[in-house]
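Here is a colleague's note on the model shown below. Please read the points with the coordinates open.

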Amino acid sequence: PVFGSIILAGVILKLGGYGIIKISFIVGDRIFSYSFCIIVGRSVGGLILSGVCFVQSDIKILVAYSSVVHMRIVLAGLLTLRDSGLHGAIYIIVGHGFCSSGLFCILGLTYNRTLTRSLYLNKGIISILPSCRL
């Protein structure tokens, strides 16, 4: 369900990021020795998943996959074990919490009105419904 995705993107992914931050303080030296391989792997996976986002026609899957790509960027920033990586990851986590939850909320409202999540069928909705009233 769309509202479950809102909770997932808004709260649960942020708790996972917080957990990774806390674990990196405890076992930072062990993580640092493997961090380059993990960052390269996450970056390649993020590029592949970004390509998958370009060909999606389901809006919910598009937003969900883009959330996964954002969390890969957060993990890569955290694995640098630098202050700038930590601050950047926190900024992305907070921004992603608002933006992704908002996108899932808009998707839920659109789905309730049109009964479809297809990007192709919803592409001209702004000309049909110019005002967004609940």
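1. **Fold.** The protein has 5 helices and 0 strands. Helices (H or I, at least four residues) and strands (E, at least two) are DSSP runs, numbered from the N terminus. Along the sequence the pattern reads α-α-α-α-α. The C-alpha atoms fill a box of roughly 55 × 25 × 25 Å, taken along the principal axes.

2. **Ground rules.** This is a predicted model, where local features need pLDDT of at least 70, side-chain atom pairs count only at pLDDT 80 or more, and totals for chains, interfaces and linings use all residues. Residues are numbered from 1 along each chain as its sequence is written, and side-chain values use heavy atoms, with hydrogens and water left out.

3. **Confidence.** The average pLDDT of the protein (the predictor's confidence in each residue, from 0 to 100) is 86. A score of at least 70 is reached by 97% of the residues. Helix α4 has the highest mean, at 90, and helix α5 (residues 125-128) the lowest, at 76. Where pLDDT is low, the predicted coordinates should not be read in detail.

4. Of the 134 residues, 32% count as buried. Buried means under 20% relative accessible area, exposed over 50%, and partly exposed in between (1.4 Å probe, protein chains only). Contact means heavy atoms within 4.5 Å. Among contacts with a separation of 6 or more, 67% join residues 24 or more positions apart.

5. **Helices α1 and α4.** The axes of α1 (residues 2-26) and α4 come within 7 Å and cross at roughly 170 degrees. Axes are lines fitted to C-alpha atoms, for helices over the stretch in contact, and angles run from 0 to 180 degrees between N-to-C directions. The two helices are therefore roughly antiparallel. Angles under 35 degrees count as roughly parallel, over 145 as roughly antiparallel, 65 to 115 as roughly perpendicular and the rest as oblique. Contact residues include I6, A9 and L13 of α1, and I93, S100 and F104 of α4. By class, this contact has 11 nonpolar, 8 polar and 1 charged residues. Ala, Val, Leu, Ile, Met, Phe, Trp, Tyr, Cys and Pro count as nonpolar, Asp, Glu, Lys and Arg as charged, and the others, Gly among them, as polar.

6. **S100.** Is S100 buried or exposed? S100 is buried, with a relative accessible area of 4%. S100 sits in helix α4 (residues 83-114). Leaving out residues up to four places away in sequence, S100 touches A9, V63 and S67.

7. **Helices α2 and α3.** The axes of α2 (residues 28-54) and α3 (residues 59-79) come within 9 Å, crossing at roughly 160 degrees. That makes α2 roughly antiparallel to α3. On the α2 side, the contact residues include I38, R42 and L49; on the α3 side, Y65, R72 and L75 are among them. The class count is 13 nonpolar, 5 polar and 2 charged residues.

8. **Backbone check.** Most residues other than glycine have a negative phi, and most peptide bonds are trans. L81 has a positive phi of about 55 degrees, though not a glycine. L81 is in the loop between α3 and α4 and is partly exposed, at 30% relative accessible area. L115, also not a glycine, has a positive phi of about 60 degrees. L115 lies in the loop between α4 and α5 and counts as exposed, at 63% relative accessibility.
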